[in-house]
Amino acid sequence: MENDNSSKFICEMNNLILGRKGGNTTVRIIDEILKHPYNANQLSKELNLDYKTVKYHIYLVLKSEVVVQNEMNYGTLFYPSQKLINNLSEYEQIKKHLK
């Protein structure tokens with residue numbers, strides 16, 4: 001069963017990261033969230049990205065359940081999900097295929 005979950009994660013992450021033009025930005029956001037929790041405004045400043053761009057990528061990673069949030073209001077902090085933590089080595093391998 002663990003192998004099925006890993007294969008599913010790899011497929012989802014390939015689509016999320018490698019299957020889109022914005023994959024590099026998504027990876028930058030995930031990597032920052034892996035360091036410590038951030039809200040969208042903090043990520044925008046830390047990565048020197050437009051706030052709306054960050055919000056869009058946050059929407060994608062929340063939908064993919066790679067990142068979770070503590071609440072739904074202004075200043076919401078985003079954390080790596082258990083799904084991401086359990087598949088961190090797979091995530092690192094997928095990142096290597098980015099151009």
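Serine 81 touches Glu65, Val66, Val67 and Val68, leaving out residues up to four places away in sequence; contact means heavy atoms within 4.5 Å. Serine 81 sits in the loop between β2 (78-80) and α5 (82-86). Helices (H or I, at least four residues) and strands (E, at least two) are DSSP runs, numbered from the N terminus. With a relative accessible area of 5%, serine 81 is buried. Buried means under 20% relative accessible area, exposed over 50%, and partly exposed in between (1.4 Å probe, protein chains only).

This is a predicted model, in which local features need pLDDT of at least 70 and side-chain atom pairs count only at pLDDT 80 or more, while totals for chains, interfaces and linings use all residues. Residues are numbered from 1 along each chain as its sequence is written, and side-chain values use heavy atoms, with hydrogens and water left out.

Threonine 26 is part of helix α2 (residues 23-35). Its relative accessibility is 0%, so threonine 26 counts as buried. Apart from neighbours within four places in sequence, threonine 26 is in contact with Leu16, Arg20, His57 and Val61. Valine 61 lies 35 residues from threonine 26 along the chain, and their C-alpha atoms are separated by 7.8 Å.

The two residues are set out below.

| Residue | Relative accessible area | Contacts beyond four places in sequence |
|---|---|---|
| Threonine 26 | 0% | Leu16, Arg20, His57, Val61 |
| Serine 81 | 5% | Glu65, Val66, Val67, Val68 |

In helix α6 (residues 88-95), the buried residues are Glu90, Tyr91 and Ile94. They lie on the same side of α6 because they cover an arc of only 100 degrees around the axis, the arc being that of the directions from the helix axis to the C-beta atoms. An α-helix has 3.6 residues a turn, so residues three or four places apart point the same way.

The protein chain as a whole has six helices and two strands. Along the sequence they follow the pattern α-α-α-α-β-β-α-α. Of the 99 residues, 38% are buried. Among contacts between residues at least 6 apart in sequence, 58% join residues at least 24 apart.

The C-alpha trace spans about 40 × 30 × 20 Å along its principal axes. The radius of gyration of the protein chain is 13 Å, which agrees with the value near 13 Å for a compact globule with 99 residues. This radius is taken over C-alpha atoms, and the globule rule is 2.2 Å times the number of residues to the power 0.38.
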